[in-house]
Amino acid sequence: MKFSAALLVCVFLFLGIWNGHGQSQPKEDLWTLFQRVPFKEKLNRDFGLYFFYPEFTEELKALKGKQVTLKGFFIPLDLQSSQTLILSKYPMAECFFCGAAGPESVAVIYLQSKPPRMKVDQIVEVRGILDLNASDVEEMTFIIRNATII
């Protein structure tokens, strides 16, 4: 009986480790976690302007460098890299660039390969490595690198 219980514990441990292998998907979707990030206005001496800088939550910091998934609306922006796309929590008319939403509602996605042609507001789901940007005002706050469309 002791052997069977030990074997069962090992199987559960193995399944738990194997199932999550490198992934740390949060209990809530990423948009909800992004929304909880407060932004504080600070002077950027290089530009001589005030910008809003994020103060990431501990829960979000724990996901940095981990594989995550994000589903959102495709926002067509003229970006230098054809392997880069923008996802928004909201459709184009309501997004950060065109509507009244904030920076917590958009993410830049750096794909492993060129994406297929997409239409405005097409719902896209990606999987990649989460990165967080707290200082570079020329980059988005929420970044998913080495991503694939799923």
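The accessible surface of the chain comes to about 9,800 Å², and 56% of that surface belongs to carbon and sulfur atoms; such areas come from the Shrake-Rupley method with a 1.4 Å probe, and for residues only the protein chains shown count as cover. This is a predicted model, in which local features need pLDDT of at least 70 and side-chain atom pairs count only at pLDDT 80 or more, while totals for chains, interfaces and linings use all residues. Residues are numbered from 1 along each chain as its sequence is written, and side-chain values use heavy atoms, with hydrogens and water left out.

The chain has three helices and seven strands, which are DSSP runs numbered from the N terminus (helices: H or I, at least four residues; strands: E, at least two). Of its 150 residues, 32% are buried, where buried means under 20% relative accessible area, exposed over 50% and partly exposed in between (1.4 Å probe, protein chains only).

Threonine 148, found in strand β7, is partly exposed, with a relative accessible area of 33%. Leaving aside neighbours within four places in sequence, threonine 148 is in contact (heavy atoms within 4.5 Å) with Leu111, Gln112, Glu125, Val126 and Arg127.
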